[in-house]
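This briefing is meant for a reader meeting the structure for the first time. Please keep the sequence and the model in view while going through the points below.

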Amino acid sequence: QWEENGDYIRAVECYLKIDRSTTKDVNILAAAWTKAAEIAIKFLDADKAAEVASVAGPNLVEISRFSAAAQLYLGCEMIKEAIDAFISGEEWAKAKKVAKELEPRYESYVDEKYKHFLKNEGKAEQLADVDLISALDMYVEQGNWRKALTTASEHGPEVLHKYVAMNATQFIKDGNPSGALDLYKKYGSPNYKANYNIYKRIGVDLFSTKTIDKEDSYHVFSSLRDMYLTVVESMAETSSSEASRDFNLLLLISHYYSIWSATEPHKQLSEISTKILVSLLRHTEIIPADKAFYEAGMACKNMNWENMAFVFLNRYLDLYEAIEERSLDNLDNTDFADTDIPFEIPLPEDPFLDQTQHEEVKEWVLAVSMDQKVEQQLPIDERMTYEASLIASGSHTPSQACVVTGYPVLNSRSVNW
């Protein structure tokens, strides 16, 4: 009646008085509030219309009539409020369209709101279309590494290897360097300096582990060798001599472990596999020393090379004590004078063997020490030098290492190809 009589202010006030205490019917509520806004926009001044929209709009949003709220805001040229109404209703295309056509400065606002919405909802696939890195980070947070890497692989090597490195780091933290290695076997190992520490850590952890199954050991170490070969070849012209030296050494160690894992299961090749473990003693700055001496000593014991077994396992016992004491000060290096086995080495954080295994070694060493047939000395070759040393005693003349065993290749036995 007031509307018909032209009393538009009272008509608007009447429509706005209708609320949830008046009726529970949302259709009636929506119709009343929309009518109030329409009258205000059509017949009242702009300020009054905006005032009405500021009441009716939030009411409409509250009962999920988002489009109706947005439309009345647009009628009052309240662009930001219209956009927010569409956003509240998750009508992102409409919100984007309004921003683009009527107020372009709000386009980035809509984009940020959309990204925030997708993140909160965990909708990584849709997020990837507007914010790739955030989407990939979301996959990582969800533990969905497969999807993260698959998606990253579609956007170039730099993006891919950022997430490969993150996944590899997670594998390493979880004590699974083989998992990290498998990633680089699948996706390649590019010459990124940021990856150098990861590449090194994979090798160091694999050289330290005692959990690799014999059936898998060749696969693991040959894959490691392939990774280091790729790195060494790609860094030949671009990296420092120190980095090149480090990776060439890791390549060499992984090569010998590959041959060891291939020969160790075959009894007829046990001399080769034993010599490899003996040769690896010169790399105890990388391989945990107690592990290296234990494995070399046990291999020599199985070959009945009792002098070498006794020396190496005795060294293992000394190293075990050094690890417990956290000091190398009490190590007697006499047995390894004039050899290329290093004295200054890092001590492992924990012993390689458990207490039971350690006691077994200790008992054997004590028993053998009572046997006058066993001498506590290493075998000497024609150079009057410990037979596995690459450096001749006295003259310090270096010899090439056999590519199969790691033992020195003396001129009379050299075979080149």
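Once residues up to four places away in sequence are set aside, Pro58 touches Ala53 and Tyr73. Pro58 lies in helix H3, which covers residues 46-62, and the model in which these contacts are found is a predicted one.

**Pro58**
- Pro58 and Leu353 are 295 residues apart along the chain, and a distance of 70 Å separates their C-alpha atoms.

**Confidence of the prediction**
- Across the protein chain the mean pLDDT is 90, and 96% of the residues reach 70 or more.
- Among the elements of the chain, the lowest mean pLDDT, 78, belongs to helix H1 (residues 8-17), whereas the highest, 98, belongs to helix H16 (residues 270-279).
- Where pLDDT is low, the predicted coordinates should not be read in detail.

**Two further residues**
- Thr263 has its place in helix H15, which comprises residues 241-263, and with a relative accessible area of 8% this residue is buried, since the value is under 20%.
- Apart from neighbours within four places in sequence, Thr263 is in contact with Leu269, Ile272, Ser273 and Ile276.
- Val159 is found in helix H11, residues 157-173, and, leaving aside neighbours within four places in sequence, Val159 is in contact with Leu132, Leu136 and Ala152.
- The C-alpha atoms of Val159 and Leu149, which are 10 residues apart along the chain, are separated by 9.2 Å.

**Helices H17 and H18**
- The axes of helix H17 (residues 289-302) and H18 come within 8 Å and cross at roughly 155°, which makes H17 roughly antiparallel to H18, because the angle is over 145 degrees.
- H17 passes H18 in a left-handed crossing, and the contact involves residues including Phe293, Tyr294 and Met298 of H17 together with residues including Phe312, Leu313 and Tyr316 of H18.
- Sorted by type, the residues of the contact of H17 with H18 comprise 13 nonpolar, 1 polar and 3 charged.

**Helices H18 and H19**
- Helix H18 (residues 306-325) also packs with helix H19 (residues 355-369), here at an angle of about 130° and with the axes 10 Å apart, and that angle makes H18 oblique to H19.
- The crossing of H18 and H19 is left-handed.
- Residues of H18 including Phe310, Leu317 and Tyr320 meet residues of H19 including His358, Trp364 and Val365, and the residues of this contact divide into 10 nonpolar, 4 polar and 2 charged.

**Helices H12 and H14**
- Helix H12 (residues 177-187) and helix H14 (residues 214-235) pack with their axes 10 Å apart, at an angle of about 50°, and H12 and H14 are therefore oblique to each other.
- H12 passes H14 in a left-handed crossing, with Ser178, Leu181, Asp182, Tyr184 and Lys185 of H12 making the contact with His219, Val220, Ser223, Leu224 and Met227 of H14.
- In the contact of H12 with H14, the residues divide into 5 nonpolar, 3 polar and 2 charged.

Key
Residues numbered from 1 in each chain as written. Predicted model: local features only at pLDDT ≥ 70, side-chain atom pairs only at ≥ 80, totals over all residues. Heavy atoms only, no water. Axes fitted to C-alpha atoms, helices over the stretch in contact; angles between N-to-C directions. Helix = DSSP H or I, 4+ residues; strand = E, 2+ residues; numbered from the N terminus. Parallel < 35°, antiparallel > 145°, perpendicular 65-115°, else oblique. Left-handed = near helix turned anticlockwise from the far one by under 90°. Contact = heavy atoms within 4.5 Å. Nonpolar A, V, L, I, M, F, W, Y, C, P; charged D, E, K, R; others polar. pLDDT = per-residue confidence, 0-100. Buried < 20%, exposed > 50% of the residue type's maximum accessible area, 1.4 Å probe, protein only.
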